[in-house]
Amino acid sequence: MSRGVDVVIDGDLPVVHASRIRAVEVLVNLIDNSVKYMGDQRSPQIHIGCKKNGETVFYVRDNGMGIDPKHHSSVFRLFYKIDSRSEGTGTGLAIVKKIIETHDGRVWIESEPGKGCTVLFTLPVASKEKNTEQK
C-alpha cells in the first residue's frame, strides 16, 4: 500500500565500517517503523541524515505519532510492543540494536507523543583517506 511518504536522504553521508547487508537491514527496519507509525499525518516525511558533534551520529527522523519517553529504552527489547494490537512482531528495533552494537555503535530514541520520532545511532566512520580511495 502506498502511503505517499516523502523520504529525504542527505547526500553527504560518510562511508562507515559496517556490513553492507546489516546496514541496509538497519535502515529498512527504521524506515518500516516510521511508515507503520506515521498515524494520520497529512504530509508524512522521513529524513535520513547525520550530524557531527565530535562524533558522527546518523538518524532516521519522521513526523509521525511519536513515542512517549517512558518507552524509549523498552522499544529495543525483543518482542516489546507499545501497543499489543499494532502490526509487527516487536523485533525490528531489537534487531537494529543488535546490529548497531555488533558494529561497536550505540542507538537511542528522541521522541515525544505527537511530535514524530528520531532514532539515532553511531557507527565507525571510515577515514577520509579510505573514502577517497573508494570513490
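Biologist: How do strands β2 and β3 pair, and over how many bridges?
Modeller: β2 (residues 45-52) and β3 pair in the antiparallel sense, over seven bridges. Strands here are DSSP E runs of at least two residues and helices are H or I runs of at least four, numbered from the N terminus; two strands pair if DSSP finds at least two bridges between them. Keep in mind it's a predicted model: local features need pLDDT of at least 70, side-chain atom pairs count only at pLDDT 80 or more, and totals for chains, interfaces and linings use all residues. Residues are numbered from 1 along each chain as its sequence is written, and side-chain values use heavy atoms, leaving out hydrogens and water.

Biologist: And what does Gly54 do in the hairpin?
Modeller: Gly54 takes a positive phi near 85°, in a hairpin with three residues between β2 and β3.

Biologist: What's the strand order in the whole sheet?
Modeller: β1-β2-β3-β5-β4, an open sheet of five strands with mixed pairing. β1 (6-9) and β4 (107-111) are the edges with a single partner strand each, so one side of each has no neighbour in the sheet.

Biologist: Which residue stands opposite Val107?
Modeller: Phe121 in β5. β4 and β5 pair in the antiparallel sense over five bridges.
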